There are 2 protein chains.
Amino acid sequence: MEDLTAMAKRAKAASRALAAAGPLKTRALLAAAEELERSQKEILAANAEDLAAAKREGVSAPLLDRLALGETRVKGMADGLRGVAAQEDPVGEVVSGFVRPNGLRIEKVRVPLGVIGIIYEARPNVTADAAAICLKAGSAVVLRGGKEALRTNLAVEAALRRALEQAGLPADCVQLVRDTTHASAQAMMRLTGYLDVLIPRGGKNLIRSVVENARVPVIETGWGNCHIYVDASADVAMAAEIVFNAKTSRPSVCNAAESLLVHQDIAREALPAIKARLDEKHVELRGCERTRAILGGGVAPATEEDYGAEYLDYILSVKVVDSLDEAIAHIAQYSSGHSEAIVTNSYANARRFTAEVDSAAVYVNASTRFTDGGEFGLGAEIGISTQKLHARGPMGAKELTTTKFIVTGNGQVR
Amino acid sequence: MEDLTAMAKRAKAASRALAAAGPLKTRALLAAAEELERSQKEILAANAEDLAAAKREGVSAPLLDRLALGETRVKGMADGLRGVAAQEDPVGEVVSGFVRPNGLRIEKVRVPLGVIGIIYEARPNVTADAAAICLKAGSAVVLRGGKEALRTNLAVEAALRRALEQAGLPADCVQLVRDTTHASAQAMMRLTGYLDVLIPRGGKNLIRSVVENARVPVIETGWGNCHIYVDASADVAMAAEIVFNAKTSRPSVCNAAESLLVHQDIAREALPAIKARLDEKHVELRGCERTRAILGGGVAPATEEDYGAEYLDYILSVKVVDSLDEAIAHIAQYSSGHSEAIVTNSYANARRFTAEVDSAAVYVNASTRFTDGGEFGLGAEIGISTQKLHARGPMGAKELTTTKFIVTGNGQVR
């Protein structure tokens, strides 16, 4: 196996140059966008090989879709890099500062983390996206992608490293792990003292495995079992639009709705209206007894598993609840802590829902699909944190930094 | 063994009441101060039993000292609670907020973590201090102290729980684990989904064990191998004062200096002056060859182990370095990332040292002993984070919170 410790040490050394790089980072990001476009032919050729191999091994159609690049996706990667280049540099921000009575001047300053590890699955565009955000945040990155995308990832890595050198930065700011076996992921999780943080990007199983096995600090990014609660006072047409959007605009993403809760006082009116809208996209409903009594036989019974599921598909679990309290309790029990919405005209209930639901993003009268770095105006994101420490919700370059205290005096002792 | 999961569930339920408690938290903290003073006799009697048992088991004198309470220490605990009560409430702060072009109003709001676990050793005052800061931060706390202090901790816990009930809050906001075996610490580290964060407070071994074994999110608090670098342009008298203060004002704490680096151009002048000052407290020096050549036979040779040691005693390792670069590299190799200081009159070197030394607090011309919540004006602290994620440096109640996004709209879909 590759010597990941040696790789991480090279990353640490490279990160020192990056910490003070300022405008060189922007130059490298713009050069990387150019290099990606210039290398389009090589990248697409490598991707064709990956796709052919994946087809031979019989991988699923959705995975093939995530793996496949084309001219548009390569252009998208390059534009993504330009977008990150255009963002404000988070490094160097003075977060707070004051002078103490003894004359000590104390400043809390935003600084890079150092070395960031990313473990991800089949989407090769993550290679460029993640590298760009880490670079912007002043950290070197060790990338470990899925085996299906290795040839593509190597071609992208080569372009990024050429761009770094063109900008006068160490190529080792971006390194791709060649070994895509389980062993290399395990080894990354144990690089204590070398990796300042490890971020898993992918499905629930990947994330769970990293969170449970890593010895290095981890930021858990989101799988989402997102809920929409239609309150007794909801505008039914608005509720139907929001549920339709949250469920069907892109079912494969973590901020899509997976579960619908409806107050009993509005269920007879709201459920048929919502179902009519969802029928346009042939969404399968799995409901509680009361839901089935209202909507009839076309609705399958919902199990405990349904209430906890992240379908990532045109399926929605549905439950009629007695009260706001029951809705909040249901969400507390089943939610992944990603995004939840209430549709209501009650000021008091909106206030209680936003205060008591303990998720990264809580909505009133809007679709959960907005939980996204771009939609929040934070720029490109590395993922959506569903943990509570360090960062919660969409994470951009700023969330990939730390701070330190700089204290200056003239001989103070205690 | 106790059912720690059930305990954590009770804590989670109690934390819901606490999240919106606002002024009730202040009332509970003031009541707790009263209760501690009112229960002084019971607390001291329990402490006497703990001390007697510890003496029978032959525990060391420093541990007995940390374990022992007296009227002054009980009063100190009560005053600590009043200090936390007087601090600003971090919960509810709107950290940032804006309206997006589509009319969505997005606010990032500071909210409690939920349930905090603390594993600590023999000092019973941690029971009151830690509970108070967690309460202020709106979180319930599960405390697991050392076996030597169990009787004292139970008496303190009882007083705190009475105060919570007097203030109309659930007593289960503060719970002490009765089982003080290794098994209960291990069980706490595995309360995934119940503990929002686990904080170890104590020596290097305790912290290492928790960081390496915990499955729940951990904040690593500091052991400190703090360095002082005396640059070529330093004021020698100031350097001697700072080293003397950082080493001897309280050698047993994590922000005390453990290692001295001196630039070769000033070593002949500075080392004897510093040694003369340290001799007043009989500090043992362990030096490199050049140090010993200058200071003579009284200085023992320093080993690799010395350079990495947290002595917590009147011992200091000393090394003469060729350059600022060597000093920075030495610190990068041996430091625990807590606090480091440069003594210099060079603007350029001060700037480089503060930029390139990667520690929680970096000082110019001041003692490392200032790294402390109180000295930084942050109020009471739960510990000093030496990790980079979530919080770095002294952590008060604010650092024990998280944020969530509250997004309000009028039917927005994506």
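In the predicted model, 53 residues of chain B are in contact with 53 residues of chain A, contact being defined by C-beta atoms, placed from the backbone, that lie within 7 Å. Four elements of chain B give two or more residues to the side that touches chain A, namely α10 (236–248), α15 (347–356), β13 (361–366) and β16 (401–412); helices (H or I, at least four residues) and strands (E, at least two) are DSSP runs numbered from the N terminus. The most is given by β16(B), with eleven residues. By class, this side of chain B has 23 nonpolar, 18 polar and twelve charged residues, where Ala, Val, Leu, Ile, Met, Phe, Trp, Tyr, Cys and Pro count as nonpolar, Asp, Glu, Lys and Arg as charged, and the others, Gly among them, as polar.

Strand pairing also links the two chains: β13 (residues 361–366) of chain A pairs with β16(B) in the parallel sense over five bridges, pairing requiring at least two DSSP bridges between the strands. Within β16(B), B:F405 is the bridge partner of A:A361.

The same surface serves both copies, as 100% of the contact residues of chain B recur in chain A.

Residues are numbered from 1 along each chain as its sequence is written, and chains are lettered from A and ligands numbered from 1 in the order in which they are written. As the model is predicted, local features need pLDDT of at least 70 and side-chain atom pairs count only at pLDDT 80 or more, whereas totals for chains, interfaces and linings use all residues.

Terms used: Two residues are in contact if their C-beta atoms, placed from the backbone, lie within 7 Å.
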